[in-house]
Amino acid sequence: MRRRLLALVCVSASLLGGCGLLPDRAAERRTVTVWLMQHSASPEFLGRFTEEFEREHPALDLDIRIQEWTGIGEKVQRALDTGGPGGPDVIEVGNTQVTQYAEGDGLLDLTLESMRDWGRDAWLPGLAEPGRWGSQQYGIPWYAANRVVIYRKDLFRRAGITAPPRTRDEWLTVTEKLNTGGNQGIYLAGQDWYTLAGFIWEEGGELAEGDDGVWRGTLDSPAALRGMEFYRRLQALGDGPVDADEEHPPQAGVFAEGRVAQIVAVPGLARAVVRQNPDLEDRLGYFPVPGKSAGRPGAVFTGGSDLIVPADTDVREGAVEVVAALTGARWNTDLARTMNYVPNKASLAGSVAGEEGVAAMAAGAAQGRATPGTPRWGAVEADNPIKEYMTKVLTGADPATEARRAARRITEALAFD
């Protein structure tokens, strides 16, 4: 009788998917909802990835939803706060945004997977470090972009310069040589604080330092002051406005006018330059921001994106599989080649070696850094005292005095209420 009942149960169950013997694949499938930002990946890349991922993971469907950057911070925070069905299971966020989401325990801790499976120690520091909160890894590096020097090859040749500078001292010498005949040796806006940050890091300084959760501004350290002094000397070799940043006016437009030998920008800005002045298409070259010594590029700010997983996802294993695939060597190098990004590991830089601008960016990314890893850093940028500090120094104020004032304002902005 018991055997007959079991047989009846199995027959009935087979109509709904079987007794574990003839599973209904459709009933078992789960959907992983992925939020990616507009223009981060091309439709063609996403199509290739989705097709291959679903083929290799028969129980998973991908629902990729493209998001706008405008207002994304609030949208992500709402999704983390409310959770529930229909919310995202994987989210692309800016690399410096991870800590603000991790602070509220809304993210899945991916430390184990990072160390055991994904090669955390090999990731670019500028992506990996801001993805940590304390000792835990919440943000997984996806792609990077950082500043390089975009230069006019023809103006270099005309000045007798046969190779890009390899050190900061050489860079000053070359730029001074180019700053003649009505040309600017470099266009560097006075408030380009991301570029200044790289110079400060190269000197061994920091924008701010934290101790047991308490942060203080450190623009007044000797190393940070040396970084500002180098910025002052370089900026003086052009006519960049001392009271504005690189977007006021947009430096691509200034460069396109044809009288500037160099700018510091991400390589992709060259497209905007050429659109405005097609004659420059074959005249532009790229080299990493020089460091203090030859053979090692200077420190730069690394922008880019990390992937995070909400802690309350109901498809945890599927979400982790998506992150593993997108950030793994195969698809990470595919994305880098498709979009002219820097891959998330220096060992993968060879995949973009054929593109001069991206290769220069990848070389610099090995020395990439990010803004201080505190969720309060956004408050600093909202009323940025670094910009005001730079303008005052460039207009003749005492650097040490202004650095102390700016450091105090950073400390106040980083204090928790």
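The predictor's confidence in each residue is expressed as pLDDT, on a scale from 0 to 100. The structure is a predicted model, in which local features need pLDDT of at least 70 and side-chain atom pairs count only at pLDDT 80 or more, while totals for chains, interfaces and linings use all residues. Residues are numbered from 1 along each chain as its sequence is written, and side-chain values use heavy atoms, with hydrogens and water left out.

The average pLDDT of the chain is 91, and 93% of the residues score at least 70. Over residues 1-26, however, pLDDT stays under 50. For this stretch the model has eight contacts beyond four places in sequence, a contact being a pair of heavy atoms within 4.5 Å. Where pLDDT is low, the predicted coordinates should not be read in detail.

Helices (H or I, at least four residues) and strands (E, at least two) are DSSP runs, numbered from the N terminus, and two strands pair if DSSP finds at least two bridges between them. Three strands form an open, antiparallel sheet in the order β10-β7-β11. Because β10 and β11 stand at the edges with a single partner strand each, one side of each is left without a neighbour in the sheet. Neighbouring strands of this sheet are turned by 30° against each other on average, direction ignored; such angles are taken between N-to-C directions, from 0 to 180 degrees, with axes as lines fitted to C-alpha atoms, for helices over the stretch in contact.

Strand β7 comprises residues 148-152. Four bridges link β7 to β10 (residues 262-265), and four bridges also join β7 to β11 (residues 284-287). Y151 has Q262 as its bridge partner in β10 and G285 as its bridge partner in β11. V149, in turn, is bridged to F287 of β11.

Five of the five residues of β7 are buried, that is, under 20% relative accessible area, whereas exposed means over 50% and partly exposed lies in between (1.4 Å probe, protein chains only). V148, I150 and R152 point one way from β7, and V149 and Y151 point the other way. In β11, L284 and Y286 point one way and G285 and F287 the other, and all are buried.

One is α9 (residues 168-178), which runs at about 135° to β10; another is α13 (residues 269-276), at about 165° to β11.

Elsewhere in the chain, helix α3 (residues 43-56) has 14 residues and reaches 20 Å from its first C-alpha to its last. This is close to the 20 Å expected at 1.5 Å a residue, where the expected span is 1.5 Å times one less than the number of residues. F45, L46, F49, T50 and F53 are the buried residues of α3. They cover an arc of only 125° around the axis, so they lie on the same side of α3; the arc is that of the directions from the helix axis to the C-beta atoms. Among the elements that cover these buried residues are β1 (30-37), β2 (60-67), α14 (316-327) and α15 (329-339). The face turned away from the buried side carries the exposed residues P43, E44, E51 and R55.

Helix α10 (residues 193-202) is mostly covered, with ten of its ten residues buried, including W193, W201 and E202. After α10 comes G204, whose phi is positive, near 95°.
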